[in-house]
Amino acid sequence: MRVKTENAVNGKTTEDILNENGGMVLPAGVQLSEALVNALLNQNILHVDVELGESPQTDNAPTNEKKKSEVENTSASEKAFAEYLDFLFLRHRGQFMKEFKQCLLQKSKQDS
Amino acid sequence: MSTAEKQTRQLNWLSSLEAIDTSQVMSANTRSLLDELQADAIDIKKITHILTLEPALTAKILMITNSPFYGYPREIKDIEEAVVLLGSAKLANIIYSSLVMVNSDDSELKRFIKHSLVTALYAKAISESLALPPEGNFMAGLLHVLPVIVNFEPNITQLLNAQTLAESTKALLNNLSLPTAVVNTVSGIYLQQSRDANTALLKIAFNLSIIALGKSDAPFKHLINTEHEFNRLGIAPSKLTDIFFEQIPEKDKLLKLVS
């Protein structure tokens, strides 16, 4: 079953995983730990063919829990970005700097 | 650290910077290569020959060329092919990039390297949005903290202020035979009053880099006040915001080059 790499933790590869140059990254038959999944994502490998356990997660049917955690992660990163901007722009009171900060905050909310 | 201790350390650091053998920063071959790339008609064979004398530089060029940042569909294994594919302008940019991409496990040093690369990225993007020539500003972005990178010592961030950085620029960049315009742009970033448009652009790019790198990766914890620079360049905050977010995917690819 072809799934998003981020959903493949504990899955077992059913095909060799190749990088964009055709080189083998992992052979078939390997159980994917969280560390391996992160390593694959770092190499820009976004989908893999795996055999999952009893509760598979597929691309087309994200669980409510996964959605909830995505929303929480987005809110946390939005909050962290806003706090960082508050810190950086604290001493900058000019019109353009204030406007720039507001634009960054608004755009970060739109994109999340 | 007391003020006196700090001043002593700053002076010692600047002295050691002046004593640096610049051929260790940019070899004679690299300098010849950059001169060749500026010629009206580039000699691929000559450029490839010079590169064979610099295996470390060749390896860096191939690594950067094969990175997701450049996004070629297949691996480029041959330096001559890289030279032909990249062309003189991109190859020169990569060579300058290699000056700042020193190998190190030190997390503080890596922050300065990342900041150089991301400032260069934003300097180029802002230049292009304002229809200004991007190459000089890209180079200024890359090299504006080169003195810190080549003369790095642990906890160096504690020593750095605008004056020390301005003096470090004079101590090093003038001796590397870099284009005068680039050296002036970089020197201006550390001065409060600079009327140069390229310096204004570099200050804004510097800030975008600090914001983009985030709290854990930015080597500086403060933004430069660019209130006048917005006016100088006639760039709206909303436009700058668009540029900031448009370059985030490129920034992410670039940072993967700094392991």
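In what follows, Ala, Val, Leu, Ile, Met, Phe, Trp, Tyr, Cys and Pro count as nonpolar, Asp, Glu, Lys and Arg as charged, and the others, Gly among them, as polar. The structure described here is a predicted model.

**The largest pocket**

The largest pocket has a volume of about 730 Å³. Its lining comprises 22 residues, of which B:Ala162, B:His222, B:Leu223, B:Ile224 and B:Asn225 are the closest to the centre. Three helices of chain B, namely α10 (162–172), α12 (197–217) and α13 (227–233), each contribute at least two residues to this lining. Sorted by class, the residues that line the largest pocket divide as in the table below.

| Class of lining residue | Number in the largest pocket |
|---|---|
| Nonpolar | 10 residues |
| Polar | 8 residues |

**The contact between the chains**

Chain B brings 27 residues to the contact and chain A brings 23 residues. The area buried between chain B and chain A comes to about 2,100 Å², and carbon and sulfur atoms give 68% of that area.

**A sheet in chain A**

Chain A holds an open sheet of 3 strands, ordered β1-β5-β2, with antiparallel pairing. Because β1 (2–4) and β2 (12–13) of chain A each have a single partner strand, they stand at the edges of the sheet, and one side of each is left without a neighbour there. The antiparallel pair formed by β2(A) and strand β5 (residues 47–51) of chain A is joined by 2 bridges, and A:Thr13 stands opposite A:Val50 in β5(A). In general, strands of a sheet pair through backbone hydrogen bonds, either parallel or antiparallel.

Technical notes:
Residues are numbered from 1 along each chain as its sequence is written. Chains are lettered from A and ligands numbered from 1 in the order in which they are written. This is a predicted model: local features need pLDDT of at least 70, side-chain atom pairs count only at pLDDT 80 or more; totals for chains, interfaces and linings use all residues. Side-chain values use heavy atoms; hydrogens and water are left out. On a 1 Å grid over the protein atoms alone, a cavity is a set of points where a 1.4 Å probe fits but cannot get out, and a pocket is an open set with protein on both sides within 12 Å along at least five of seven lines; lining residues have an atom within 4 Å of a point. Grid points are joined across faces, edges and corners, and a volume is the space filled by probe spheres set on the points. Helices (H or I, at least four residues) and strands (E, at least two) are DSSP runs, numbered from the N terminus. Two strands pair if DSSP finds at least two bridges between them. Contact means heavy atoms within 4.5 Å. Buried area is the accessible area (1.4 Å probe) that two parts lose on being put together, summed over both.
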